[in-house]
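Here is a friendly briefing to read alongside the model. Please take a look at the fold before going on to the notes.

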Amino acid sequence: MKNPLKYVRPNILALAPYSTARDEFKGGDISVWLDANESPYDNGLNRYPDPHQKELKRHVAELKGVRSEQIFIGGAGSDEAIDLVYRVFCRPGEDNVVAIAPSYGVYSVAAAINDIEFREVQLGSDYSLPVNRLLKATDPRTKVMWICSPNNPTANAFPRADIARLAEAFDGIVVVDEAYIDFSDRGSMLDVLDNYPNVIVMQTFSKAWGMASLRLGMAFACPEIAAIFAKVKYPYNVNGPTQKAVIEHIINDDITAHVDEIKRERVSLAAALEALPMVRNVFPSDANFLLARFDAPDEVYDYLIENGVIVRNRSRIAACEGCLRITVGTPEENQRVITLLKDFKK
Ligand SMILES: *Cc1c(COP(=O)(O)O)cnc(C)c1O
């Protein structure tokens with residue numbers, strides 16, 4: 001078993017975190033709160049929230065089948081956890097990271113912000129995971145490997161065995177971004193966390209859970225890494241109304257019906273797109289979007305906008321030439337796209 005703490009920056013290992021008033025509060029039957037210089041006038045928002053999000057973590061732990069001590073909660077969506085990965089493991093100007101390409105753009109932007117060299121390794125044919133080339137791209141200063149599965153924008157999930165092989169062979173941290181995992185039949189890497197202490201799994205409430213507006217992201221890791229994230233994050237990084245709202249949605253919502261409908265619609269939308277002469281091919285999807293290759297992507301993109309429909313133009317990304325990324329919407333929305341595309345005249 002790898003010791004994940006050996007990848008942590010020395011200054012972060014040595015860090016004594018800021019201690020908030022509510023960190024020092026050890027519990028007890030308190031009715032008068034005079035420790036945090038808050039306003040005493042109750043308007044529902046006047047108290048600082050729990051900096052450790054204990055109740056929220058209890059619900060997330062139950063939902064995901066992990067332990068609270070393995071959870072980090074981010075209040076700026078997954079972006080906060082992505083940035084923390086750099087700040088915790090990568091020494092600016094010295095270390096580097098390796099990532100698959102094409103993939104989610106935030107990894108490289110966060111690398112640039114943190115002054116970390118970003119090494120891209122193109123996916124293999126059919127967007128397969130290039131395990132050997134990823135490993136070859138590493139050197140002793142490679143601290144992190146970014147794997148997005150299901151991958152954005154290619155839509156496919158990678159075999160769990162391939163990701164596990166990377167975790168075994170790479171002497172560093174493997175981050176698996178599972179933002180779209182609820183739409184995939186491949187299964188999450190969450191259940192291997194105890195076997196691979198150098199793996200961090202990221203998920204979010206922004207996609208299948210329908211709470212993109214709240215900005216709540218999650219990272220799951222061994223307790224040692226989760227504890228380091230907790231000491232580096234801003235103290236009150238998840239606000240009180242968000243903690244409360246997410247707990248209520250976890251308790252009250254069942255996302256199964258919506259996820260099942262999106263998966264059914266994904267199949268029918270892909271078939272309808274493939275039947276159009278203007279579409280060269282539609283890539284297999286484990287996510288809530290389709291990547292489709294068009295003969296004239298820019299014209300189609302503009303035409304859809306003129307008709308009130310926005311998709312993502314990915315046609316200028318290497319290995320996605322000609323491609324538009326289309327989120328699966330409601331049955332009516334998907335039908336509208338197909339009807340419009342059938343009427344498209346070049
Ligand atoms: C949408 C998405 C996320 C989620 O981002 P949030 O900041 O949590 O909303 C994370 N990773 C990938 C690859 C995504 O496409």
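Helices (H or I, at least four residues) and strands (E, at least two) are DSSP runs, numbered from the N terminus, and angles run from 0 to 180 degrees between N-to-C directions of axes fitted to C-alpha atoms, for helices over the stretch in contact. This is a predicted model, in which local features need pLDDT of at least 70 and side-chain atom pairs count only at pLDDT 80 or more, while totals for chains, interfaces and linings use all residues. Residues are numbered from 1 along each chain as its sequence is written, and side-chain values use heavy atoms, with hydrogens and water left out.

- Strand 10 is joined by 2 bridges to strand 11 (residues 323-327), and Arg312 stands opposite Arg325 in strand 11.

**A helix pair**

- Helix 4 (residues 78-89) packs against helix 8 (residues 223-232) at an angle of about 100 degrees, with the axes 10 Å apart.
- The two helices, helix 4 and helix 8, are therefore roughly perpendicular (65 to 115 degrees).
- Contact (heavy atoms within 4.5 Å) involves residues including Ala81 and Phe89 of helix 4 and Ile225 and Val232 of helix 8.

How values were computed:
Angles under 35 degrees count as roughly parallel, over 145 as roughly antiparallel, 65 to 115 as roughly perpendicular and the rest as oblique. Two strands pair if DSSP finds at least two bridges between them.
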